[in-house]
Amino acid sequence: MLPDFTTPDDFRALLAAAPSPDGAATEAARSRNGQLTKPPGALGRLEDLAIWYAGWRDDPRPSIMAPQVIVFAGNHGVAARGVSAFPAEVTVQMVANFRAGGAAINQLAGAAGARMDVHALDLDRPTADFTRGPAMDERDLMVALRTGWKAVDSQADLLVVGEMGIANTTAAAAICLALFGGEAADWTGRGTGVDDDGLLQKRSVVADAVERHGAHTDGLAVLARLGGREIAAMAGAIAAARQLRIPVLLDGFICCAAAACLQALDARALDHCLAGHQSAESAHAELLRHLGKEPLLSLGLRLGEGSGGALAINILKAAVACHSGMATFAEAGVAGDD
Ligand SMILES: O=C(O)c1ccc[n+]([C@@H]2O[C@H](COP(=O)([O-])O)[C@@H](O)[C@H]2O)c1
Ligand SMILES: Cc1cc2nc[nH]c2cc1C
């Protein structure tokens, strides 16, 4: 059962008390892996993926039958500052496209055998322009966090969270600058494809925002001041998945910025997460280094929507299928190496 929360302190307490992978299931999976009909280590990273998954699911021989993809959408006041190649109306238009089945993520979730849910958060009430004040007040932050928290299906066995929000690469860059420091240019990329002038404008908006709000180590303060509703909802969903022992495949730059806010709250908060892919958004590689995550895929995607996470479901499914479905040396009558 998923506990509920109402205040930021409740949320912090839940994160601090979140479950860890099961040691006995991990060890049993490691032992099984050593008996499978292949030279030791020959399935490379797939072996570690399956053992990791087994530990989180508390099942030495698991399967992935019910992956869930959730796309959260939000609108950003900072979009009015000329930081995106596309107008803010695209957010609501793409939500209609997700619901009609016409977006890339519909196809990628389908190809991975995942159910897909879409949550649009108050699209007609954009967050405040964070160069002028906090993007969200505490109430808005808690509503968005709880939307994400409650969106996770407790019966899912793998989760991908994705987003749609024009201007949200600006918010994600500001979050990274506030949490990790450096220069605005280090964290600011082209998003949907701004030109050179747009990139300069975006960098100055990111620098202004962090100058106004200051660098912070508190993940909830950073989420409220510089984030957005879909970013907070992704953080809520990732945190809920941990409570439910549902492993998570992280998506691109914005998803990982949401995850970074959780990591700032608790160093172990992302232990149940893997990086699904490395986005082409220029700062994603550095963000993944800060999260200590090695991406499963690197295909030049810079779409968001959960696309890279959804693609990676297929890799994890394949790893778990090998682990749980292969014969052991004894079962197959194949001579071992001893
Ligand atoms: O996931 C990524 O790494 C990623 C990189 C660039 C753009 N996006 C998507 O593009 C939108 C944000 O881009 P922008 O230029 O409006 O900030 C938002 O809807 C994201 O889903 C996503
Ligand atoms: C068309 C379009 C689709 C998207 N999907 C995620 N972000 C997006 C941004 C745009 C502009």
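These notebook entries record what I looked up in the predicted model.

**Conventions.** I worked with a predicted model, in which local features need pLDDT of at least 70, side-chain atom pairs count only at pLDDT 80 or more, and totals for chains, interfaces and linings use all residues. Residues are numbered from 1 along each chain as its sequence is written, while chains are lettered from A and ligands numbered from 1 in the order in which they are written.

**Domains.** I looked up the division of the protein chain and found domain 1 (8–62 + 323–332) and domain 2 (67–315); such bounds come from an automatic or database domain assignment. The centres of the two domains, taken over C-alpha atoms, are 28 Å apart. I then listed the contact, which takes twelve residues from domain 1 and 15 residues from domain 2 (contact: C-beta atoms, placed from the backbone, within 7 Å). On the side of domain 1 that touches domain 2, α1 (8–16) and α3 (45–57) are the elements that give two or more residues. I noted α1 as giving the most to that side, with six residues. By class, that side of domain 1 holds nine nonpolar, no polar and three charged residues. For the classes, Ala, Val, Leu, Ile, Met, Phe, Trp, Tyr, Cys and Pro count as nonpolar, Asp, Glu, Lys and Arg as charged, and the others, Gly among them, as polar. Helices (H or I, at least four residues) and strands (E, at least two) are DSSP runs, numbered from the N terminus.

**Sheet.** I traced an open sheet of five strands in the order β2-β1-β3-β4-β5, with parallel pairing (pairing: at least two bridges found by DSSP between two strands). Its edge strands, β2 (115–120) and β5 (273–275), each pair on one side only. From one strand to the next, the twist averages 25°. I checked β1 (residues 67–73), which pairs with β3 in the parallel sense over seven bridges; V69 stands opposite V160 in β3. Helix α4 (residues 89–100) packs on the sheet and touches β1, β2 and β3, its direction making about 155° with that of β2. Axes are lines fitted to C-alpha atoms, for helices over the stretch in contact, and angles run from 0 to 180 degrees between N-to-C directions.

**Ligand 1.** I found 24 residues around ligand 1, of which S84, G191, G252, S279 and G304 come nearest (near: C-beta atom, placed from the backbone, within 6 Å). The elements giving two or more residues to this shell are β3 (158–164), α7 (168–180) and α12 (253–265). I recorded α7 as the source of the largest share, three residues. By class, the shell has eight nonpolar, eleven polar and five charged residues.

Definitions and conventions
Two residues are in contact if their C-beta atoms, placed from the backbone, lie within 7 Å.
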